[in-house]
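I opened the notebook to record what I looked up in this structure. The entries follow in the order I made them.

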Amino acid sequence: MDRHTEKMRGNSRMMENASENILFPLLKSALWGAEPDENRLREATPAMWRQAAAIASVHGVTPLAYDGMSMLPENLLVPKDIKLAWALKTENAELKFRGQAEAAAHLAAFFASAGIRTVILKGFSLARCYPVPDHRECGDIDVWLCGDYAKGNGTISSAGMKVEVHTAKHSSFMFENTTVENHLTFLDTDRYSMGRILEPILSEIAERDGIVPMNLPGQNLPCRIYAPSADFEALFVMAHSAAHFAGRVRLRHICDWARFLYAHAGKIDFACLESALEKAHLSRFAGIFTFIAVHYLGLGREYTGGLLRHVNGNDMRIAERIMHDIAGQAFAKTLEGKSSAGILALKTRRFFREHWRFRLVYGCSMPLRILYFIKDHIKHPETILKPI
């Protein structure tokens, strides 16, 4: 074994140790309010703490990790720079969350004045499931306007805001310095069968169950804003997580799933959920994803319905591989600042290296995926050299 390979394996082991001995115990504490496993944390070195900080940042769970850190006894030493950095990131996340929640409230009122109902997808709806909602980092605001997609775009345009449409799934616009995605469809029905199979099922559930008024976490502003039913959101969140996983899994998505199942105990029709997942060939992925929430993040099995029924030893090994990927993403090579040739080379290597995740979600062979890839880039040539 050469020195470079030995160094790479050493770094890999340290990243996994940082996840298992620091980050996961802290997240468990934050998610369920349990005291952290001090024995594992006492073995942590300053280097491991910094590795854990990098992993948490990439995966959008720093505020959660900080909540877990806040439960540690005073005699358990944590590097001061990590404490200060996590405290600052948590404060910034809170400010961003509150600003986005205020923007969402104003947007809902704006649409309501035009006779449009605003349903929040993911984001704030999932944040309500957390012990500290504003410690769930949010990105864009995803909305569904109950069939008024075109009217919503027109209302925004009439107010002087620019509406952009780069995909058949949704339009996007800026509202009070926040990116909003207005969904025409819930899932991507253009490329893969998963979206085409699940879209009519989601539409049927939405029509059957309707929508329910919700309060935005941390907001006292009067607004007319809604959330979908638990059955809708269970299927939508799993499909959304699967789509992200095929590209790059995020630890935040697993935390979302764990807290969602816990918060909606007794409200989810698991038979309906499992039937839909089976039709979309997502049962195996859902089982592995749920196993990770149980085994690594402490979700009780009693909240999982029959999702773990068919998880086997090979699936558990895939779960280990996923968690290895999660740790490694914090130190993966980035495309920022690279030449066009460098971007193409790195994207090509990543395309083949990560195909196993794509196959797990979509059941897609490499030749077929290459055809999809070519089709996407013919339609959107600007993405070929985009550093993502």
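Helices (H or I, at least four residues) and strands (E, at least two) are DSSP runs, numbered from the N terminus. I began with Asn182, which lies in strand β4 (residues 178-183).

The model is predicted, so I noted that local features need pLDDT of at least 70, that side-chain atom pairs count only at pLDDT 80 or more, and that totals for chains, interfaces and linings use all residues. Residues are numbered from 1 along each chain as its sequence is written, and side-chain values use heavy atoms, with hydrogens and water left out.

Entry: burial. Is Asn182 buried or exposed? Asn182 counts as buried because its relative accessibility is 0%; buried means under 20% relative accessible area, exposed over 50%, partly exposed in between (1.4 Å probe, protein chains only). I also looked at β4, where five of six residues are buried.

Entry: neighbours of Asn182. Leaving aside neighbours within four places in sequence, I found Asn182 in contact (heavy atoms within 4.5 Å) with residues including Val143, Tyr149, Asn153 and Phe173.

Entry: strand pairing. Two strands pair if DSSP finds at least two bridges between them. I saw strand β2 (residues 141-144) pair with β4 in the parallel sense over four bridges, and Asp142 stands opposite Glu181 in β4. Strand β3 (residues 170-175) pairs with β4 in the antiparallel sense over six bridges. Which residue in β4 is the bridge partner of Ser171? I found Asn182 there.

Entry: helices. Leu107, Phe110 and Phe111 in α5 meet Gly152, Thr155 and Ile156 in α7.
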